[in-house]
Structure formats: structure tokens, C-alpha cells
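A report on selected residues, contacts and cavities follows.

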Amino acid sequence: MEKYLFKNIQIVNEGKIEVLDLLTDGERIEKIGHQLNYKSDVTEINGEGKFLLPGVIDDQVHFREPGLTHKATIYTESKAAVAGGVTSFMEMPNTVPNALTVELLEDKYSIAAQHSLANYSFFMGVSNTNADEVLKVNKLKENICGIKIFMGASTGNMLVDNYGTLEKIFRETELLIATHCEDEKIIKENYQRIKKEKGILTPADHALIRDENACYESSLSAIQLAKKYNSRLHILHISTEKELQLFGNMFPLKQKRITAEVCVHHLHFTADDYAQLGYKIKCNPAIKAPHNKEALWKALLDDRLDLIATDHAPHLPSEKDGDYEHAHAGLPLVQHPLLLMLHYYQQGDISIEKIVEKMSHAVADCFGIQNRGYIREGYFADLVMVDLKQPSTVTKENILYKCGWSPLEGFIFPATITHTFVNGKMVYGNGVWDESVKGQRLKFNPHHHPRKD
């Protein structure tokens, strides 16, 4: 494989920005230092004025394959991810059929091995009746990112509300448990009440139907279970101010048993945006009133929220149309999370070092990913080159999602992602693609979250 030598580039890593040289050799970073010189066959990249970041790791995406490939495929969405500087992803089990057996889960890994341009992992799914199957993955914990439970939020038959199943899994799994927390009972009551009052629902009602109490009650019960069994719990896409009281920053991330994340759309949109964007920004958990966004930013910066994800969930434009009951929930986001955060850097809301911490370092630490998420000698060369002097705009023409649209269309970012390297391979460089080598299956440290029973 080719060797690359980045000269005089601003490397953002572990809380610092330093102008250095970096040499890759094959899949890995070989050397980082000042004035590295190599005469042999090495491709030199002038990094003057540019930034080099570790590739973004997105722990929450829906790539829709198998079964829903009219919306997206692992190939199309991984390509969009790479264009956005996302070099690794972890994908959710609510594909069709749901990934509820080890065999169905492994089918997804084999699709990714053939088609994914980014590195990949897939969550094992949980239903009310598959606890024994879920516990089989205890033997595979080096090869699987975690198990995913929809706690009180139905997606197909994946709503898990059987307490016996939940107890068994929280008690016996050795993997990280990732949960979607919204209480179905509260949601149904809100829906019936508001529907009765209004007759016809509007996009803004979504925030009132899937309200903060639905999120809080469900997150609280997940945390109580995790504390009871000392499970390793990660709560996905926190969207409310109320839930933030459930999380702490007394310990560094690596010592936490209970972690939480925020998604880019909850940091960017508020309920005020339904007026203009309508069902385009309908998602679960819902985008809520502005005070929640402010609180989420605060908690992200003080480390009550541990990492940033996208929850990329594409639907065709036609599936986002129609009335409240028929408009699908979810938005496509995986091509722009880093650029969107760089917009907030430019606004003075967050440093580049903190962006890298929350989108790369913390994700690797949270899941115990082996040799990724940092710019270190010996680590995989998953790297993103950014030009902060060259703005870029989201247009229909440059959106790579199969669904062909983005809620950020027309938005001007202050930066451009010029190159993305996956395992030392320049997959994307100044608009040119090399798809000859596919991404790799992520590996996890099996001793990362030992039970301290």
C-alpha cells in the first residue's frame, strides 16, 4: 500500500493543535514528528494551513440494508459518511429482517465487508423473546460493538417492554447496552389527548407527543436497571434538559459505567424549525423547545454528555410527506456532522480540540475500539484533512445519500473536507474517489468494561 507523508499540517489530537509531519505506512500511522524526510516512494501532501483530524466515529446510524434498500444501502451511506470525514460507523439492528439472531447479524457484516467504504460494526438487536440469542454474543464481544434495546420505543417488533427480558439482559450481558429511551405509554396518552383536542396534527405537535417526560421516564428506568446489575449502559440521542440531571461528570469517561450522547440535529435544530422544515425534521426522540438545545450544549461542554453522533436515518422524500401519522421519523445526516460542528466552532461555541474529543476520542473510549479514534503512532490511519479557509454549501448535487435530500440543504459551512483516509488508503481526495479497498470490521477490547460484581 501507498505511504503518505503529510508536511506541516496542524494535527488536532488529545487536546492540542500542533504543526507536525505525519507518515503513514500501509494501514497505520508510522511516525509523527518535526521535519520528517523520506526519499523512498512516498506521496507527499502539503498540509500548510490545513488541519488533520482523526476520522469521525459515528456510533449510531441506520443504513437500511438489508430489506429497506429503496431508502439507502451500506455502500451509498458509507460513501456519504467518508465524504463527511466519518471513517467508522456502528449500525442499528432495525433493518428487515431485524438483526435478532447471530446469523442475521453476521449477514450484515458480510454485506459491509463487500461494500462499505468505511470501517463498520453492527449492533445485535433485542426483542421481547430473544434474550438467549442475545447472550450468545458474549462470546463475540471483541467483534461486536454492543447490543441495542428500544426501551419503550417501538420499531417493528423491536419494542422491548417485557421486564423479565430486560432484567436477564442487563444482568447477564458482557457487552455495552445501547438504549433508545422513550416511554411508549406516555407517548400514546399524549397522542390521544392532543389528537382529540386538535383533530389534525402538525409537525410541531411531535415535540409535545414525544415529550420530555417520555424521554425522562424511560432513561430513568434504564439507569435503574443498569445500576441494579452494574451493566455497561450507553443511552443514545439525549434530547431534553430534564434528562441531563441523570448524568454526571465526576469521573473521566473511561471510568463511567453509564454514558450518554447527543446527536447533531438536537444541537442544531429546535421546535421553532418545524414551521419551515415540517416533517423533514420529524425524528425520534423529537426535536424539542429551544431551552433543551441550550442545555444540551452546556452538558456536552462540561462532559455530562460524552459524545456526538448523527442517528442518520434516511427516508425517501415521499415518505416524509403526508400527514402526521404517515410521515416517517428520521433524518439523513452522516455526510455533514463534522462540518456542522465546525460551523459551531466558527461561531465560538466549541473548540476544534473538543470536537475531536467528542466525535473521535470519546467514541473510541466509550466502546473500547482497538487502535482507532486517535492520531497516534501504530494506530490505524483513519484521517480527515480539513480546509477551514474554504467554505462549502450543501446542495442537491453534492448530497451522496441514496434518498437524495438533506435537512441542511442551502446551509453554508465555514470549511471543506478535502481528503479522507480509511486504514491508510486515500478513499476520498478533492472530489476523487478510490473505492478499490473496503473498510474493516471494528475490533473491541474485550476487557474494556469488566463487570465489577
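Leucine 316 is partly exposed, with a relative accessible area of 23%, where buried means under 20% relative accessible area, exposed means over 50%, and partly exposed lies in between (1.4 Å probe, protein chains only). Leucine 316 belongs to the loop between β15 and α11 (337–346); helices (H or I, at least four residues) and strands (E, at least two) are DSSP runs, numbered from the N terminus. Along the chain, leucine 316 and leucine 246 are 70 residues apart, and their C-alpha atoms are separated by 36 Å.

The model is predicted, and local features need pLDDT of at least 70, side-chain atom pairs count only at pLDDT 80 or more, while totals for chains, interfaces and linings use all residues. Residues are numbered from 1 along each chain as its sequence is written, and side-chain values use heavy atoms, with hydrogens and water left out.

Helix α11 is largely enclosed by the rest of the structure, because eight of its 10 residues are buried. The buried residues of α11 are Pro337, Leu338, Leu339, Leu340, Met341, Leu342, His343 and Tyr344. Just after α11, glycine 348 takes a positive phi of about 90 degrees.

Cysteine 403 lies in the loop between β17 (392–393) and β18 (412–413), and with a relative accessible area of 5% cysteine 403 is buried. Although cysteine 403 and histidine 70 are 333 residues apart along the chain, their C-alpha atoms are separated by 8.1 Å.

**Charged contacts**

The whole structure contains 27 salt bridges, a salt bridge being a side-chain nitrogen of Lys or Arg within 4 Å of a carboxyl oxygen of Asp or Glu.

| Pair | N to O distance |
|---|---|
| Aspartate 303 and lysine 354 | 2.8 Å |
| Lysine 425 and aspartate 434 | 3.1 Å |
| Glutamate 357 and lysine 358 | 3.9 Å |

The salt bridge of aspartate 303 with lysine 354 links distant parts of the chain, since aspartate 303 is in the loop between α10 (290–301) and β15 (307–309), whereas lysine 354 is in helix α12 (residues 352–367), 51 residues apart. Aspartate 303 is partly exposed, at 27% relative accessible area, while lysine 354, at 15%, counts as buried. For the remaining pair, lysine 425 is buried at 18% relative accessible area, and aspartate 434 is partly exposed at 25%.

**Aromatic contacts**

The structure holds 14 aromatic pairs, where rings of Phe, Tyr and Trp (its six-membered ring) pair if their centres lie within 6.5 Å, and planes under 30 degrees apart count as stacked, over 60 as edge-to-face and the rest as tilted. Tyrosine 109 and phenylalanine 122 form an edge-to-face pair, because their ring centres are 4.9 Å apart and their planes stand at 85 degrees. This pair links distant parts of the chain, with tyrosine 109 in helix α2 (residues 102–115) and phenylalanine 122 in strand β8 (residues 119–122), 13 residues apart. Tyrosine 109 and phenylalanine 122 are both buried. Phenylalanine 411 and phenylalanine 413 have ring centres 5.2 Å apart and planes at 55 degrees, so this pair is tilted; phenylalanine 413 is buried, with a relative accessible area of 1%. One aromatic cluster is formed by Phe63, Phe89, Tyr109, Tyr120 and Phe122.

Charges also sit over rings, which requires NZ of Lys or CZ of Arg within 6 Å of the ring centre and within 35 degrees of the ring normal. Lysine 148 lies over the face of phenylalanine 150, 3.8 Å from the ring centre, and the charged end of lysine 282 sits over the ring of tyrosine 324, at 4.3 Å from its centre.

**Cavities**

On a 1 Å grid over the protein atoms alone, a cavity is a set of points where a 1.4 Å probe fits but cannot get out, and lining residues have an atom within 4 Å of a point. Grid points are joined across faces, edges and corners, and a volume is the space filled by probe spheres set on the points. By this rule there are three cavities of 30 Å³ or more, and the largest cavity has a volume of about 50 Å³. The largest cavity is lined by Pro54, Gly55, Ile57, Thr87, Ser88, Arg372, Gly373, Tyr374, Phe380 and Asp382. This lining divides into four nonpolar, four polar and two charged residues, with Ala, Val, Leu, Ile, Met, Phe, Trp, Tyr, Cys and Pro counted as nonpolar, Asp, Glu, Lys and Arg as charged, and the others, Gly among them, as polar.

Terms used: 1 Å grid on protein atoms, 1.4 Å probe; cavity = no way out; pocket = protein on both sides within 12 Å on 5 of 7 lines; lining within 4 Å.
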